[in-house]
Amino acid sequence: MENIVKKQLACLSTEAGELNSLEVVPEIEGSPDALWFYREHVSRNVPCIWRGGVKHWPAISKWSNDYLRRVVGDKVVSVAVTPNGYADAVREDLDRFVMPHDEDMSMSQLFDILEEKASFPGVCYLQRQNSNFTEDFSELFSDTERDIAWASKAFNSSPDAVNLWIGDGRAVTALHKDHYENVYCVVRGEKRFVLLPPTDRPLLPHSRYKSARYKLDSTSLHYDVVDEPEHGTVPWIPLDPLKPDLLRWPSYEHAHPLHSTLHAGDVLYLPSMWFHHVSQSHGTIAVNYWYDMAFDLRYAYFKCIEDLTDSVSEESNRTSEDG
C-alpha cells in the first residue's frame, strides 16, 4: 500500500506540472484589473510578476540610507542576527531548527553595519513579520501605500500584515510555505525567488526538528545554539533548492522550481501554500503585504496531500528501522 500511495502522489505532482505547464513566472503588463487578477491568478493559485508595479511609489527614489537615517534613524528596532545568514533554518549538523538571535539597535546602527562603517559579528536582517511596517514605521507610510488596491479588491479584504525587510546580501530565507496570499514589492536592490507549487509537496523532504535559537555572547562575540523546548518540534525542509543533494533526495529531480528575480519597483504575487526560497543583493529593501488565505477546498486538498506524504514517509522510516 505504501508504494501505491507514493506512486500516486508522484503522479499527482507530474500531472499538475503538465497542466500548469509553467516554465517561468507569468508577467503582467500594465495595471492589473482586480477581477482579471482574481480569475487568472488567485483562483488558479498561479504566481505572477508585475514589472514596475510600484515604480510610482516615492520610496523608489527617496529611500536612500541617508534619507532613512534622517527620518527613522533614531528608531530602535529588533534585528535578526545569525553567524551565517540563515535565520529560521535547519542546522543538520545539530539536528535543530535554529531561530535567530534578536538584537536591538537603532536604524542608523543597522545602516552603519550594512555599509561596513561599523563592525558586527554576524549577518543582520530586519525581518520581523509582525506587521512591523504598520506598527513601527508610520513616518514612511506616505512613501508607499497602505495596501495594494487591486489585491485588496480581489481578496475582498485589507492586508492582515505589512512587513518591511532590509538586509545583508548574505541573508537567506530557507525554503518554506506560508498560509498567506503574499504581494511582495521591491523598493531597492534585487530579490531572487525560487518558487515551487503546493503539488510538489511529495517531492520535498520534510523532517521534524527540535527548536533552538542562536544566542550571541556580547563578551566573546561567539554564537551559541540554545535549545528552546517550549517551542516543541518544527516541521521543516532541509533541502536547499539552489544546490539540491539529488543523491540524498532524488525525488526533487522531478520538482517544478521557478526562478525569478525582482528589481526595484517590481511586484510578485506569491500565492498561499507555494514553497519559496529567497536571497537578495546587499542592502535590499522590500515591503510585502500579507492577505489572509481562503481556507477552502484547495486547502483541504493540500492537507490531504501533506498528510498522505507524511504518512508514507513515516511508514518508510519505520520499515528502515525495523530492517
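Predicted model: local features only at pLDDT ≥ 70, side-chain atom pairs only at ≥ 80, totals over all residues.
H4 covers residues 65-72, and H5 covers residues 107-114. Their axes come within 9 Å and cross at roughly 160°. Angles over 145 degrees count as roughly antiparallel, so H4 and H5 are roughly antiparallel to each other.

Which residues in H4 and H5 meet? H4 brings Asn-65, Leu-68, Arg-69 and Val-72. H5 brings Met-107, Ser-108, Phe-111 and Asp-112. By class, this contact has four nonpolar, two polar and two charged residues.

## Nonpolar cores

In soluble globular proteins, nonpolar side chains tend to be buried together. Here, the largest nonpolar core has 50 residues. Trp-63, Ile-148 and Val-183 touch the most other members. Helix H5 supplies the largest share of this core, with five residues.

Take Ile-148. Leaving out residues up to four places away in sequence, Ile-148 touches Val-54, Trp-57, Val-183, Cys-185, Tyr-289 and Tyr-291.

There is also a second, separate core of 17 residues. Val-186, Leu-258, Leu-268 and Ala-286 are among them.

## A proline in a loop

Pro-202 lies in the loop between strand E12 (190-196) and strand E13 (207-216). Is Pro-202 buried or exposed? Its relative accessibility is 18%. Buried means under 20%, so Pro-202 counts as buried.

Pro-202 has contacts from elsewhere in the sequence. Not counting residues up to four places away, Pro-202 touches Leu-9, Ser-13, Ile-305 and Thr-309. Arg-146 is 56 residues from Pro-202 along the chain, and their C-alpha atoms are separated by 37 Å.

Terms used. Residues numbered from 1 in each chain as written. Heavy atoms only, no water. Helix = DSSP H or I, 4+ residues; strand = E, 2+ residues; numbered from the N terminus. Buried < 20%, exposed > 50% of the residue type's maximum accessible area, 1.4 Å probe, protein only. Contact = heavy atoms within 4.5 Å. Core = buried A, V, L, I, M, F, W, Y, C linked by side-chain atoms within 4.5 Å. Axes fitted to C-alpha atoms, helices over the stretch in contact; angles between N-to-C directions. Parallel < 35°, antiparallel > 145°, perpendicular 65-115°, else oblique. Nonpolar A, V, L, I, M, F, W, Y, C, P; charged D, E, K, R; others polar.
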